[in-house]
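Before turning to the questions, please take a moment with the sequence and the coordinates shown here.

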Amino acid sequence: MAKKPPVAATPPAAGPSTPSAGDREVFLTLSSALTGFSPIELQGTGNPEPLLDFLWTIIGADICSELLTVAASALAHSDESERDQAIRTTLWSSPKLGPIVQALVRLWYTGKWNPLPAQWQETYRWDHPDPNAGAITVSPQAYVESLVFAAIAAHPPGAKATGHGSWAFPPIVTAIPVTVTT
Amino acid sequence: MSTHNGDMFDVVIVGGGVAGALMADALTAAGRHVLLLEAGADRSLDIDGYQSYVDQYLKAPSGVPNAPFPPNPNAPSANVLDIGNPSTSSYLVQQGALPFLSDYTRELGGTTLHWQGACPRMLPNDFKLKSVYGQGIDWPIEYAELEPYYERAEGALGVSADVEDQQPLGLTFSDGYVYPMHRMPQSYVDQFFIRKLEGLSVTLEGREYPVRAISLPQARNSTPNPAYDGGRGYEAVSYVGDGDRGLRCQGNSACTPLCPVQAKYNARKTLLKARRAAGDRLSIVSQAVASQLIVNRRTRRIDGVRYRTYADPKKLTPSGEAIAHGRIYVVAANAIETARLLLVSGAANRSDQVGRNLMDHPYLYTWGMAPEPVYPYRGPDTTSGLETLRDGAFRSTHASFRMSIANWGWSGSPGADVDQFVASGLFGRALRQKLHDACTRHVRFGIMVEQLPDPDNRITVNPAYVDALGIPRPVATYNIAPYSLDGARAAREVSARVFERAGVQDCTEYKARPGFQLVGRDGRTFNLMGSGHIVGTHRLGTDAKSSVVNSYLQTWDHPNLFLAGAGAMPTIGTSNPTLTTAALTLRAAEQVLREL
């Protein structure tokens, strides 16, 4: 039987209906810090825009705006370890924002959105059109450009074939950028 | 919906998979008129339809075999995502000690749409298991009888392999024979094992056997061998429906469930070739679910095939019923669906063997971490295997096994690793580095264990369980005997020895997991799954008392009824059964032509 949206969930407050240019900039920098891929690498996937649009729809403008506001101050640290510590303190371990950024990392890495924990949904917002569905692949492109395959010097099954016989040789391994946000 | 009420064909074939397609091709090439009935849809006959499967897969990527194929309520398939035990709600009803865990595809092209494409021949001793090892049953024909048909089957499917790799297994070839295409390049993972296993041997039941990684023959386009066919060479076939030129495997790493570029053989290639050559002499009617073979009780001949039609494969839309008539009938609907059709029709079962001796290869994973990056998750699913334990004196005591080297790392990975590392608090560069360091060292063996024929492992039908069209669904009763479990245990030990030798950290752990059986034997437990190798429900044999068909796949009971498919195999050995099915079908086609 289908679960019903929790009564406690507050309807999303009115917020900007689409992300602003500034939102997109913060999202890209945050995504870079969370994934270990440089902004250029992330731009190369074509996914920064559709993934933020997806997040905007599924989490709602109000929580997204809050997330990006908190992210902007964490990302203001120029020292990487201070920045990561700020991310951990203000985002990763936040009961409200932590589950979102963790789901965001998995989204970038796999192309799949994993519904947020039931507890989170009951408290904040219903984040899924079908409450009984498991993880959903956001789009073919989100899957095809999912980062895990780049991270392990492979490619997604069914796409970005590496060429006949290429599997007989070691792949070209892309170096992890020394610092990812510059 | 076109039907063929009233038309008289030379041959009516039920099932548009590899056996039905090869039969249709052989018969139409000899000038015959053939009607082929396919229960599923034929969305994939043109390139746009095929691409719709690719799109479906990329929208919901999953390694399960039927992921690219939309559910069809009119002609459902067994599906690994729909297996409980016991279960009366799943399409394949399960009532055995263990669930039968393999599935198939009801679409034009059949299960070759999602198969892996592995094409090893059966070994000579696989045909005489009883006389050599005292197990199972002998075939009425030997390897030598099937050898020329193996060669033709390898041509029809387009197999990539080199003869010199296969000869050490005891296989013989005709003088000067070469496979259509050279061996598939062996993966970087394969090369790691080839290097590390040099000189390794293991002891099974007191005898020593070498353990060597050997290239796997596969129906996947590699480099055509110019020496093929007496120097005429081989032209590979790929993009069916959009040009005819052969495209080599480019490493999409999605053999199962679907090759996006059709470098892997599927039966549509054969059907389209036949249709081009035969024109009007080949009629293909899809969305036609055979519901009954009409048996003439007086003549003992089949007088027709009754079938149901439907309008839309996406929703339940029954649209009518028709009867197809032919002089000869060939049922080639896979071992489960063929048995079901025979049982609901009361046909071909004087021996009481229809549906019995259901076999599969119980499938065991072992996995570990290589000491250095071997860069898996690239290339065809598998390009080599540890093939040397497919035969030996130990078969008197326990099952033989074939160990494929997986090119695709661990099952469920790398997605599972992302989830695990994120849950452990990793993000940013540390996460990226950790994934690289772990996943580039993933190795896995996929081990196919031999299973003996057992009359109690069977497909039955029960009027209490029907499909949406009202036709009784297949009911599986299945178990795995100690002979196979002891083989699995031996394979597990060989794997441990191989890992130790190669410096691989053994990470194998068996526990309750969805989609796997957890089976115990002598204090050890194993996770076993199905191989998709559905074999044995209408066994061929020497007489009408103990078998359903003769070695030409002609039923003992009805002279104008043939059963083509892996169901005819009386034993399974350690070979993926499609190539043997193809060889038997090509041999049967000659008999059909003689009968006409």
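The questions and answers below go through this predicted model, from one chain to the contact between chains and then to single elements and residues.

Q: In what order do the elements of chain A run from the N terminus on?
A: The secondary structure of chain A comes to nine helices and two strands. Of its 182 residues, 42% count as buried, and among the contacts in chain A between residues at least 6 apart in sequence, 64% join residues at least 24 apart. Read from the N terminus on, the order of the elements is α-α-α-α-α-α-β-α-β-α-α.

Q: Which element gives the most to the side of chain A that touches chain B?
A: The contact draws on 38 residues of chain A and 39 residues of chain B. On the side of chain A, the elements that contribute two or more residues are α1 (21-35), α5 (80-92), α6, α8 (140-144) and α9. By class, this side of chain A has 24 nonpolar, twelve polar and two charged residues. The element that gives the most, with five residues, is α6(A).

Q: Why do the buried residues of α10(B) line one face of the helix?
A: In helix α10 of chain B, which spans residues 415-423, the buried residues are B:Asp417, B:Val418, B:Phe421 and B:Val422. Seen down the axis of α10(B), these buried residues line one face because they fall within an arc of 125°.

Q: Which elements are included in what covers the buried residues of α10(B)?
A: On the other side of α10(B), B:Ala416 and B:Ala423 are exposed, and the helix is followed by B:Gly425, whose phi is positive, near 100°. The cover over the buried residues of α10(B) includes elements from chain A as well as from chain B, namely α6 (98-110) and α9 (147-151) of chain A together with α11 (428-439) of chain B.

Q: Which residue in β14(B) does B:Trp367 stand opposite?
A: Strand β11 of chain B, residues 363-369, is mostly covered, since six of its seven residues are buried. Seven bridges join β11(B) to strand β14 of chain B, residues 442-449, and the two run antiparallel. Within β14(B), the residue opposite B:Trp367 is B:Arg444.

Q: What is the bridge partner of B:Tyr363 in β19(B)?
A: β11(B) is joined by two bridges to strand β17 of chain B, residues 505-506, in the antiparallel sense, with B:Gly368 opposite B:Asp506. β11(B) also pairs over two antiparallel bridges with strand β19 of chain B, residues 524-529. In β19(B), the bridge partner of B:Tyr363 is B:Met529.

Q: What angle does the direction of helix α9 of chain B make with that of β15(B)?
A: The open sheet in question has three strands in the order β3-β16-β15 of chain B, with mixed pairing, and its edge strands are β3 (93-94) and β15 (458-466), each of which pairs on one side only. β15(B) and β16(B), the latter covering residues 472-477, pair in the antiparallel sense over five bridges, and the bridge partner of B:Val461 in β16(B) is B:Pro474. Helix α9 of chain B, residues 335-345, packs on this sheet by touching β15 and β16 of chain B, and its direction makes with that of β15(B) an angle of about 60°.

Q: Is B:Val202 buried, partly exposed or exposed?
A: B:Val202 has its place in strand β4 of chain B, residues 201-204. Leaving out residues up to four places away in sequence, B:Val202 touches B:Tyr209, B:Val211, B:Val494 and B:Arg497. A residue needs 20 or more other C-beta atoms within 10 Å to be buried and 12 or fewer to be exposed; B:Val202 has 18, so it counts as partly exposed.

Q: Which residues of chain A are in contact with B:Gln250?
A: B:Gln250 lies in the loop between α7 (228-231) and α8 (267-278) of chain B, and with 18 C-beta neighbours inside 10 Å it counts as partly exposed. The C-alpha atoms of B:Gln250 and B:Ala263, 13 residues apart along the chain, are separated by 8.0 Å. Neighbours within four places in sequence aside, the contacts of B:Gln250 include B:Val261 and B:Ala263 in chain B and, in chain A, A:Ala161, A:Gly163 and A:His164.

Notes. Residues numbered from 1 in each chain as written. Chains lettered and ligands numbered in written order. Predicted model: local features only at pLDDT ≥ 70, side-chain atom pairs only at ≥ 80, totals over all residues. Helix = DSSP H or I, 4+ residues; strand = E, 2+ residues; numbered from the N terminus. Arc of directions from axis to C-beta. Contact = placed C-beta atoms within 7 Å. Nonpolar A, V, L, I, M, F, W, Y, C, P; charged D, E, K, R; others polar. Pairing = 2+ DSSP bridges. Axes fitted to C-alpha atoms, helices over the stretch in contact; angles between N-to-C directions.
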